[in-house]
Amino acid sequence: MHDWDEFAEGWDDAVGTRIYAEGAYRSLLDTLDARGLTLDGMRVLDFGCGTGLLTELLVGRVASVDGVDVSPRMREVFASKVRDRSWEDVSVHAELPDGEFDLIVCSSVLGFVDDYAAAVAQLAGLLAPGGLLVHWDWARDEEHPSAGGLTPEHIRSALTDVGLAGVEAGVGFEASVEGEEMRPLMGAAQRPPTP
């Protein structure tokens with residue numbers, strides 16, 4: 001696991017991190033639309049929330065957001081936004097909160113956890129019936145597999161193995177940042193509704 005505290009201070013000012021969050025948000029809206037869903041009234045878990053860049057785009061559209069991050073510094077930056085902007089339905093946690101969520105989002109985090117499949121299983125257990133899990137992560141560089149990252153096959157397998165349905169895995173969005181192309185993978189799947 002990486003130590004993200006050192007990045008917290010300038011995270012929001014980095015062009016690439018904002019472009020990534022906006023690309024993830026746009027692809028989330030497309031994914032919801034394709035499934036006949038909207039953000040309206042959703043209880044959201046932003047797992048690996050960092051400084052809350054993705055949450056910023058969700059506030060006002062959803063019922064609530066619970067952000068979770070292992071980095072104390074990232075949480076401090078996020079919590080100060082919550083206070084400064086008077087976001088009443090947003091909370092920040094060091095550990096997973098109790099409850100069920102209609103939507104779980106993970107932006108550039110699951111590719112960095114020690115056990116991807118175990119993390120997916122834990123998050124899937126927090127989905128409400130019909131709830132959606134969507135994550136964006138960097139693709140594995142097959143020439144340097146030890147550098148981490150995921151493959152579409154890895155994503156499909158993990159989401160399917162925990163009993164989620166409507167599994168998608170592929171490029172989530174494309175964006176250019178200072179001449180470099182971003183093409184993160186996106187995985188998405190739903191907990192089957194209760195019969």
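## Close-up views of a predicted model

**View 1. Glu-178 sits in the loop between β7 and β8 (180-182).** Helices (H or I, at least four residues) and strands (E, at least two) are DSSP runs, numbered from the N terminus. The model is predicted: local features need pLDDT of at least 70, side-chain atom pairs count only at pLDDT 80 or more, and totals for chains, interfaces and linings use all residues. Residues are numbered from 1 along each chain as its sequence is written, and side-chain values use heavy atoms, with hydrogens and water left out. Although Glu-178 is not a glycine, it has a positive phi of about 50°. Its relative accessible area is 73%, so Glu-178 is exposed (buried means under 20% relative accessible area, exposed over 50%, partly exposed in between, with a 1.4 Å probe and protein chains only).

**View 2. Ser-108 lies in the loop between β4 and α4.** Ser-108 is not a glycine, yet its phi is positive, at about 55°. With 22% relative accessibility, this serine counts as partly exposed.

**View 3. The largest pocket holds about 700 Å³ of space.** On a 1 Å grid over the protein atoms alone, a cavity is a set of points where a 1.4 Å probe fits but cannot get out, and a pocket is an open set with protein on both sides within 12 Å along at least five of seven lines; lining residues have an atom within 4 Å of a point. Grid points are joined across faces, edges and corners, and a volume is the space filled by probe spheres set on the points. The lining of the largest pocket has 33 residues, of which Gly-48, Asp-69, Ser-107, Ser-108 and Val-109 are the closest to its centre. At least two lining residues come from each of α1 (15-34), β1 (43-47), α2 (53-58) and α4 (116-124), and α1 gives the most, with 4 residues. By type, the lining has 21 nonpolar, 8 polar and 4 charged residues (Ala, Val, Leu, Ile, Met, Phe, Trp, Tyr, Cys and Pro count as nonpolar, Asp, Glu, Lys and Arg as charged, and the others, Gly among them, as polar).

**View 4. Tyr-20, Trp-138 and Phe-173 form one aromatic cluster.** The structure holds 2 aromatic pairs (rings of Phe, Tyr and Trp, the last by its six-membered ring, pair if their centres lie within 6.5 Å; planes under 30 degrees apart count as stacked, over 60 as edge-to-face and the rest as tilted). Tyr-20 and Trp-138 make a tilted pair, because their ring centres are 5.1 Å apart and their planes at 55°. This pair joins helix α1, which holds Tyr-20, to the loop between β5 (127-137) and α5 (152-161), which holds Trp-138, 118 residues apart. Tyr-20 is buried at 6% relative accessible area, whereas Trp-138 is partly exposed at 35%. The rings of Tyr-20 and Phe-173 have centres 5.4 Å apart and planes at 85°, so this pair is edge-to-face. Phe-173 is in the loop between β6 (165-171) and β7 (175-177), 153 residues from Tyr-20, and both residues are buried.

**View 5. The largest nonpolar core has 28 residues.** Such a core is a set of buried Ala, Val, Leu, Ile, Met, Phe, Trp, Tyr and Cys residues joined through side-chain atoms within 4.5 Å. Leu-28, Leu-39, Leu-58, Leu-103 and Trp-136 touch the most other members. Helix α1 gives the most to this core, with 5 residues. Apart from it lies another core, of 25 residues, including Cys-106, Ala-119, Leu-123 and Leu-185.
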